[in-house]
Amino acid sequence: MQGFKSFRKRVSIPILPGFTVFCGPNGSGKTNILDAVCFALGRTSTKSMRADRLHELIYHGNASIPPSDYASVSLWFDNSDRVFPLETPEVSIKRKINKKGISVYKINGKTTTREKVLELLSSARIHPDGFNIIMQGDVSQVIDMSPEERREIIDQVAGISLYDEKKEKAQKNLDIVEQKLREVEIILTERLERLQELEQDRNTALKYRELVEKLKVLNASLAYKKFQIEEKKYKTIEEQIKENETQIQKLEEEIKQLEKEIELEEKKRQETIEKIFIRSKEAGIKQDIEDIKNKILRNKDRIESDEREIERINKMIEKLQSLQKRSGSLSKSIQTILNLKRPGVHGAVIDLIKIPKEYRAAVEVAAGSRLWNLVVNNASTAIECINYLKRERIGRATFLPLDRIKSRTLKDQQKKILKRPGVIGLITDLIKFDSKYAPAIKHIFGDTIIVENLGVARQLGIGKIRMVTFDGDLAERTGAMIGGYYRKREEVASDVELEEYKQVKKDLEEEINFLRIEIGQLNQKMDDLRESLEKESKDVIDLENERTRIDEKLESMKLQRNEKFEERVRLLDQINKLKIRAAKTEAEMNSLRLEVERYEKVEYVDEKPDVLEEKIRQTTFSLNALGLVNMKAIEEYDKFKGEFDELKSRYDEIRNEKQAIMDMIEKIEEKKKEVFYECLRAIDKNFREVFKEIAKGEGSLQLENPLDIRSGLLIQANPAGKNLLNIDAMSGGEKTLTALAFLFAILKYKPAPFYILDEVDAALDKVNTRKIAEMIKKLSKKEQFIVITHNDYTIKQGDRVYGVSMENGESKILGLELPEMKAG
């Protein structure tokens, strides 16, 4: 060492194995050597080295000698057994401090850190504050300690502080984890409420999706079932058409055969007539009779033709009336009023006007629903009809009384527009109607013109006049515009057309009546003529009879032909109807096929259409009962559930972490107790042995509460056969001896490479000093002991003695090798 405390100059002190003693007067600097060892080992407490600050460890100097600039201490350790993890036979530890209090550490001459030094020393069980160094006052301190303080020594020896540090660290971690747990619990509680709300919405959305899918399957099944029904119906109709066509073909062949036969019979008839003319004496009468017969036949043919025409007209009237009904143009209420044929009811507007084909779309759009307004002669008729509809609860209708309805007309300024390019004209000028209906017709169309297109309407000025285009785009006076694709109304025969057919039928019926009357008259005339021919020859009569037979046969054959014609017409009409049904069925099939194709990969439900429709109704009702459905709730729930599960997982992790920390704390506490009791038992055993050796008595160490490692430590002994006493009840010398035994017991528990004892025998009498010195001598055979003492007997026991003296404020040291003392 150099410049350390009282050692100004460089001093080297060899500490050999065995028992080394440092002695000298008080204040000579003996204890400074112990402080130097502690300093080099890395001790940081300046109080334990009897200084207030680190720089005070530097030699102060005096009036004649200046102070040192630094203090330096080096310790050399024998490493021949490789106790230190270095491949050198010796290991040096050096610490140097300057006046600024800055320390520099070196290992084998290389600068290092204090931590590295402590790590190296710990590998050899050397610690700067270890129990192998007993300072002045340590014995007294043990004596003056409370039981709890003495127990803390056991804690230090057992390393309980390490477990306390671990426990404290674990407790801090536990506090942090519990705080995190509380925070997560709060968040979880909040999110659980939201999750439950989302789950309810999600369940509703899933129910909605399920019902929508079910409805899709039901609609698909219904469409498929209807398609199957229509397909079957279509095939049946096709079969019926083929069957009818086969019958028609057969009838045509039969008609051809009949016509051939009729032609032959007519030829025979003509030949018979010629024979009759040749043989008849009453040729003129017979010619008249023949003319009458021919006239009768022509009338009959005319009657048959008229009857066929009437039959055709009847079918046409029936068809037109059927079309009127199917067109849906006339509501039930309007149709009912018209069927009443009440006087004063002229008909619906659509039936009272004739619309040129090119203006049809424009007129229909311009009139709109007013086409079906009923025109009546006066307000009274309108009121009677309305009351009838109310009374019978049939419906409603709009009536236009001619005596009250006001016509719409164009103003003078608007009439000028009629001459503009692109203007076709006023609707009332372009359609045909009876002048007596003019008020009603002009009420609907009087202020509306037809223009070519919307471009013309825009040039004229939208809103100046009511305009409608050929295509049915309408511009109102208000500025509103109505347009787009217009599906033309199915053309249906009006009542006027029906009346025309009925009039033709009536004329034909009158003509038939006239012809039949004429036939009766001709037959009477023919009978009169025949009376004059009674005297004709038998041959003529036979020829006449032959002709009559031929005529009857011809009539029968023609009747058959007519029946077959009628049957053919009936079958053709039936085929037409069947083809119409087939077309409608095919259209329905195509529509259903498209609907079926729209549903892809659907497993159809095999039920009747009415059952499927009922299920669709119930499913639709269930869907509507759900109300507003948040379909995003499914995705939101899954996302939120994932976040919630992640948070829950985090919560579980934290809870597991908490449990792990609690388990660890419990294990630390158990290990701590285990280590403490193991240490206490070992030191107690050592104490008993040491006390018995030095005091020839019994001693023991035990806790005030054996089950509580935090309770105080009781040191009990009975020196020299006395009663067992607590250390606090002993005399001064006994206390010192017992305390030393306690310290030596600790030293034996944790053996160190060397031990330093500073004046531990100061308070002992000669007898007890001898016991301690002899015990140290005995122990020094195996361990290295450095003892600072004033006691002569202790000095004599040393293997070598260093004397320390003080000269001019500077410590001097002198070494002396003592001869081995022989026993006795």
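## Helices α18 and α19

Helix α18 passes helix α19 in a right-handed crossing (left-handed if the near helix is turned anticlockwise from the far one by less than a right angle, right-handed if clockwise). The model is predicted: local features need pLDDT of at least 70, side-chain atom pairs count only at pLDDT 80 or more, and totals for chains, interfaces and linings use all residues. Residues are numbered from 1 along each chain as its sequence is written, and side-chain values use heavy atoms, with hydrogens and water left out. Helices (H or I, at least four residues) and strands (E, at least two) are DSSP runs, numbered from the N terminus.

The axes of α18 (residues 632-695) and α19 (residues 732-749) come within 8 Å and cross at roughly 130 degrees. Axes are lines fitted to C-alpha atoms, for helices over the stretch in contact, with angles from 0 to 180 degrees between N-to-C directions. The two helices are therefore oblique to each other (under 35 degrees is roughly parallel, over 145 roughly antiparallel, 65 to 115 roughly perpendicular, and the rest oblique). Residues in contact (heavy atoms within 4.5 Å) include F687 and F691 of α18 and F742 and F744 of α19. By class, this contact has 15 nonpolar, two polar and two charged residues (Ala, Val, Leu, Ile, Met, Phe, Trp, Tyr, Cys and Pro count as nonpolar, Asp, Glu, Lys and Arg as charged, and the others, Gly among them, as polar).

## Helices α7 and α10

For α7 (residues 332-340) and α10 (residues 379-392), the axes come within 11 Å and cross at roughly 120 degrees. This crossing of α7 with α10 is right-handed. On the α7 side the contact is made by S333, T336, I337 and L340, and on the α10 side by C385, Y388 and L389. Five of these residues are nonpolar, two are polar and none is charged.

## Helix α9

Helix α9 (residues 360-367) is mostly covered, with eight of its eight residues buried (under 20% relative accessible area; exposed is over 50%, partly exposed in between, with a 1.4 Å probe and protein chains only). Its cover includes helices α12 (427-430) and α13 (438-445) and strand β13 (448-451). G368 follows α9 and has a positive phi, near 65 degrees.

## The whole chain

The protein chain has 21 helices and 23 strands. Its radius of gyration is 69 Å, well over the 28 Å that the globule rule gives for 824 residues, so the chain is more spread out than a compact globule. The radius is taken over C-alpha atoms, and the rule is 2.2 Å times the number of residues to the power 0.38. Along its principal axes, the C-alpha trace spans about 210 × 75 × 55 Å.
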